[in-house]
Amino acid sequence: MKLFGRDKGSSGEILSGGESAIANKEVEGLSQGQIVRRRFFRHRGAVIALFVLTSLIVFVMSALDTKIGALRIPGWWKWTVEDIPELRYEDCPGGTTGCPTLSLNPSGAFGLGTHPFGQDDIGRDYFALVMNGARRSLMIMFVIGAVSGFIGVVVGSIAGFYGKRVDAVLMRLVDFIQTVPGIIIAAVIGKAAGRVGPLFLALFLGLLGWTGLARLVRAQFLSLREMEFVDAARVAGASNVRITFKHILPNAIGQIIVVITLIMAGAILTETALSYLGFGVVAPDVSLGLLISQYESAFTTRPFLFWWPGFFIISIALCVNFIGDGLRDAFDPRQKRRITKKDRLKAKVDIKAGR
Amino acid sequence: METNKSASGSLLKISHFNIDFWVDGVWYPAVIDMNMELAPGKVTAIVGESGAGKSTVALGLMSLLAANARMSGSVMVKDQEMLNAKPLLLRKFRGKEVAYIFQEPMTALNPLFTIGYQIVETLRNHFDMGPKEAHARALELITMVDIPDPHTSIEKYPHQLSGGQRQRAMIAQALACDPGLLVADEPTTALDVTVQAEILDLMRGLKDKLNSAILLITHDMGVVADMADEIIVMKDGLTIESGTADQIFNRPGHPYTRELLAAVPKLGASKKRVLAYKESSKPAPVLKIENVTIEYPKRGRVPAFVAVKNFSLEIFPGEIVGLVGESGSGKTTVGRASIGLIPIKEGSLEIVGKDISHATQKELFGIRRHTGIVFQDPASSLNPRLPIGESIGEPIFLAKLAKGPELARMVEDLLDQVELPRSYRNRYPHELSGGQRQRVGIARALALTPDLLIADEPTSALDVSVQARFLDLLQELQGKLNFACLFISHDLAVVDILAHRIAVMQNGLLVESGDRDQILKNPKNDYTQRLISAVPVPDPAEQRIRREARLALKK
């Protein structure tokens, strides 16, 4: 009798586990990475978010000039932050100034105009300002993700792997950092950071944000180090370093990636909040939170000064969150695909001997 | 009992029952055109390897399957159609008419409630009962299933009970409403043989008392021989053969049934295995354990626990020693300590002439080349993120014996030795079946051609037919490579096939050790006798005699 499934190997064994044998059909012949990728791309929200975020990053980064040392890559946008063009007075409702020229009305004057996002009080192009702010915010987001990711993984691994006293000391450190109200410290340092620059602020926020990740990595290590494959590696003669990096860490990588994405989504909001309070990025630097805080009073008369940075903050945070959610689902082996009625009706029947 | 009778005289009638699972746009059949009937007071067993669809049938009866399943055909319980029945009717029948006993009582009982509460809950769901009445009935049930000290046990949480007691509690819950049909899905697989024998006795007694029918699902032919009136053999969702126990065991019609029966290891059926050397001219032992005590140190408020006390054992080159005992007897601890995974507290331990009693990590590195271990659980003993070729090659790579193409060649040789295709080198563990993974485990253990192999229950997670092939392979490799082996198992029949000598452990103590035949045929110790008599034999007639003998021994 022919068993279902393809090649069963020379030993002719049936793939194990009743329902699970059938459930395994979905992942047959795929590597772990392929399975995760497949599951991720099935999550529609996450894929759209990934696409939107990538385009957003490319769009924002290429809009203005980029200076890397002496090298200068010109941006495609005509204004820079330093330019102070004349304020527009015409066509603005209620006698305001510098209103956006962006028009999406297909029958009328469809197009960008000279200042699609409008101008600020003194006439600077608001599109250029928002782009510059988004750049800063994105930079801060990635730096925070990298710094807290690195520290969290290292501290968590050491605590989880060695346990006992090392674990106790490191976890008390985590307790300490968690009990200190982060926003106040951030505010104090942020006040100083205004003079040192946004990179310092990002590094500092990263130094505070790793505690949750460290706890998670530690918990993963505690359960993974009891697995038999760790003993098997030890019997094979593997050193502690090799066991940590070759055997345990790759098995925890899924959760680590998920938490880091979520940290990044939180980071962009923390930066916004601090800048809004005046402790984060300080003028003449620009960030999205700072823009909102500066033009808060203009909300009733010139709301566009408020809307545009807000729109970018929400889009970035939402996209990163969605991607994190998609990754979480993709890495979770228990996550089952929901089956709709349509799926049921459309399904073919597997042809098998004896039916 | 009159209530269990229906017009047609059968309690459960399944006809043309099909179950399919939806995976990625395709319906895969899991159960195909199944037919059976079960009368009150009878036991029907469904047997087959994992993946045959046994458990799927059990869950399908009461529509307990996941959302990606579809069912067709008819399932009649007491002349009521259960397929596509209204949820209210199903709920009325579940627990009251059809009760389930699952394999793993730890996960089937809710850890947040006492067992008494869980039984009371079942009772009050189905009957109009006051809390006091229900409590009294629960107490009665707990007494009936022989849980010691019912008055205090009723207030206990599942984690406070032993495995056997938990299974009894689950049986008590299942019996709460005097169900007409008891579906037992591998009820004793997670239990030790002695406890298994007691649970089976209990189920048999209750069946006779209540005149319930039992649908027994198991892969253990010994349990089937002990319990079943009728047997259904399944493979890949198809019913291969069905008939009375006598028919199936003594005159099996289908070749698959014969194969399945032949794969079951039988106690005392294998030939004596002889060592290459005489008793008088023994070479130096490969493993020498002398008066070893192993203690798990104090952890917070948990006091130190002595797992092994004053244990001595020697294994000589080319010899297989079987180490048997129930769960918690300390056999795995001995195995792990023998290769330096667990430190010992007292005594001395020697491997190939080197004393490792108090060795440091660096000193242990030296003995890694002489030892290998095959773990119990094929699912967790391979790193899921490494291709199996890399897992197998790791010991060679770390011992700096080979690198690059030479290492690849050695890995291929090892795969050949364990009869796996070379192309499997790049596969990941999750793509392999349990038996194949266990072969990978052997290949890795033998990578450095060790003098001593520790096999820690390597077959307990495998099907009988896979187990038979695995044991053949192990024997063949042992014959070729002539390593010494400490084979740890709770299954006496498996040890019987392999071992030259047998050591029996109980509660961390060595109770008896000696030649295989001496232990199995002429055990001196009480405990060994009980252990041997509790093993069910896959032959209904012989098993009945053994059962009666065991009950006599108990009195």
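This report walks through some sheets, helices and loops of a structure with chains A and B.

## Before you start

The model is a predicted one, in which local features need pLDDT of at least 70, side-chain atom pairs count only at pLDDT 80 or more, and totals for chains, interfaces and linings use all residues. Residues are numbered from 1 along each chain as its sequence is written, while chains are lettered from A and ligands numbered from 1 in the order in which they are written.

Helices (H or I, at least four residues) and strands (E, at least two) are DSSP runs, numbered from the N terminus. Two strands pair if DSSP finds at least two bridges between them.

## Chain A at a glance

Chain A has 13 helices and 3 strands. Of its 355 residues, 39% count as buried. A residue is buried if 20 or more other C-beta atoms lie within 10 Å of its own, exposed if 12 or fewer, and partly exposed in between, with C-beta atoms placed from the backbone.

Two residues are in contact if their C-beta atoms, placed from the backbone, lie within 7 Å. Among the contacts in chain A with a separation of 6 or more, 65% come from residues 24 or more positions apart.

An open sheet of 5 strands runs in the order β3(A)-β2(B)-β1(B)-β4(B)-β5(B), with mixed pairing. β3 (348-349) of chain A and β5 (80-81) of chain B stand at the edges with a single partner strand each, so one side of each has no neighbour in the sheet.

β3(A) runs parallel to strand β2 (residues 26-38) of chain B, and 2 bridges join them. A:Lys348 has B:Val26 as its bridge partner in β2(B). Helix α1 (residues 54-61) of chain B lies across β1 (12-23), β2 and β4 (69-77) of chain B, at about 75° to β2(B). For such angles, axes are lines fitted to C-alpha atoms, for helices over the stretch in contact, and angles run from 0 to 180 degrees between N-to-C directions.

## A six-stranded sheet in chain B

Chain B also holds an open sheet of 6 strands, in the order β6-β7-β8-β3-β9-β10, again with mixed pairing. Its edge strands are β6 (98-101) and β10 (238-244) of chain B, each pairing on one side only. From one strand to the next, the twist averages 15°.

Inside this sheet, strand β3 (residues 43-47) and strand β8 (residues 213-217) of chain B pair in the parallel sense over 4 bridges. B:Thr44 stands opposite B:Leu215 in β8(B). Helix α7 (residues 163-174) of chain B lies across β6 and β7 (181-185) of chain B, running at about 175° to β6(B).

## Helix α8 and its two partners

Two packed helices are described by the angle between their axes and the distance between the axes. For α7(B) and helix α8 (residues 193-210) of chain B, the angle is about 15° and the axes are 10 Å apart. That makes the two helices roughly parallel, because angles under 35 degrees count as roughly parallel, over 145 as roughly antiparallel, 65 to 115 as roughly perpendicular and the rest as oblique. On the α7(B) side, B:Gly163, B:Gly164, B:Gln167 and B:Ile171 meet B:Val195, B:Glu198, B:Ile199 and B:Leu202 in α8(B).

α8(B) also packs against helix α20 (residues 526-534) of chain B, at an angle of about 55° with axes 8 Å apart. These helices are therefore oblique to each other. Their contact brings B:Val193, B:Thr194 and B:Ala197 in α8(B) to B:Arg530, B:Leu531 and B:Ala534 in α20(B).

## A covered strand

How many residues of strand β18 (residues 484-489) of chain B are buried? The count is 6 of its 6 residues. On one side are B:Ala484, B:Leu486 and B:Ile488, and on the other B:Cys485, B:Phe487 and B:Ser489.

Strand β13 (residues 320-324) of chain B runs parallel to β18(B), joined by 5 bridges, and B:Val324 stands opposite B:Ser489. β17(B) is also parallel to β18(B), with 5 bridges, and B:Leu452 has B:Ala484 as its bridge partner.

Most residues other than glycine have a negative phi. B:Asn211, however, has a positive phi near 60°. B:Asn211 sits in the loop between α8 and β8 of chain B and is partly exposed, with 19 other C-beta atoms within 10 Å.

B:Thr449 has a positive phi too, near 40°. B:Thr449 lies in the loop between α16 (434-445) and β17 (452-456) of chain B, and counts as exposed, with 11 C-beta neighbours inside 10 Å.
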